[in-house]
Amino acid sequence: MSLPREERLKALGLWPRWRLRTAPAPMTMEAESGTPSPAPLDELPDAASGATEISALDWDGLRRAVLGCTRCELHRSRTQGVFGVGDPNADWLIVGEAPGGDEDRVGEPFVGQAGKLLDAMLASIGLTRGEDVYIANVLKSRPPRNRDPDPREVAACLPYLERQIDLIQPRLILALGRFAAQSLLTTDASISRLRGTLHRYRGVPLIVTYHPAYLLRNLADKAKAWEDLVLARETMRGLKGDRAA
Ligand code: URA
């Protein structure tokens, strides 16, 4: 169930709302020309503004908006926006954190080492990238040096993922890692508390598991990830009301 906007902003550390020194910039679909110096953080446009416009976009418009997005400072350092990949009518939506270096270069989520492991995780429950699966990230632009996303960047970018979810209407969301889970569930609970149970995002069943990049460094937790994947597979089977999910 989605929380009221104030609750969501609180969970992201954005409430009470910061005051703008300048008027909010209108949402722009085009990359900025020129190289103005970065604005001080407290002068950034209101990251939550423009969410209503985004919530009305169709799939192609949404893609164009992401590719040309300048809603946060990450557009200055990214190579390109990374919209997502797969079947826009998929039953399964996989949500990661943010593009890394490989994804920034290629323009597709999870194409590096973590992506290979993700493909193997999907295969273990009979899924293939692009076939009844859509893969997207919370952030559509790469944070420099793969640093953790900033709450303002999340607030600026989340409306894109929210609209993707509205349009895809997945039957089940699999959140990869603490960051995706906390962003979608507006909580600061640890991943160990979040995994292993069925959550809901705006009514859509959501299951949390470890991020593949974490699993590459912590092989012992692969067994727990397998339990999460089985939970996801069984949940989907139940949702479809048959044994062939
Ligand atoms: N990690 C993520 O969370 N997303 C990607 O697309 C790649 C690595």
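Which residue in β6 does L174 stand opposite? I will come to that in a moment, after a word on the model.

What we have here is a predicted model, in which local features need pLDDT of at least 70 and side-chain atom pairs count only at pLDDT 80 or more, while totals for chains, interfaces and linings use all residues. Residues are numbered from 1 along each chain as its sequence is written, and side-chain values use heavy atoms, with hydrogens and water left out.

Let me begin with the overall picture. The chain has 10 helices and six strands, where helices (H or I, at least four residues) and strands (E, at least two) are DSSP runs numbered from the N terminus. Of its 245 residues, 48% are buried, buried being under 20% relative accessible area, exposed over 50%, and partly exposed in between, with a 1.4 Å probe and protein chains only.

Now to the sheet. The six strands form an open sheet of mixed pairing, in the order β1-β3-β2-β4-β6-β5, and two strands count as paired if DSSP finds at least two bridges between them. The edge strands, β1 (85-86) and β5 (199-201), each pair on one side only. Strand β4 (residues 172-176) runs parallel to strand β6 (residues 204-209), and four bridges join them. Here is the reply to my opening question: L174 stands opposite I207 in β6. Helix α10 (residues 222-240) packs on this sheet, touching β2 (92-96), β4 and β6, and its direction makes about 165° with that of β6; contact here means heavy atoms within 4.5 Å, and the angles, which run from 0 to 180 degrees, are taken between N-to-C directions of lines fitted to C-alpha atoms, for helices over the stretch in contact.

Let me turn to the space inside. There are three cavities of 30 Å³ or more, a cavity being a set of points on a 1 Å grid over the protein atoms alone where a 1.4 Å probe fits but cannot get out, with lining residues having an atom within 4 Å of a point.

Leaving aside neighbours within four places in sequence, G101 is in contact with R142 and N146.

Conventions. 1 Å grid on protein atoms, 1.4 Å probe; cavity = no way out; pocket = protein on both sides within 12 Å on 5 of 7 lines; lining within 4 Å. Points joined across faces, edges and corners; volume = space filled by probe spheres on them.
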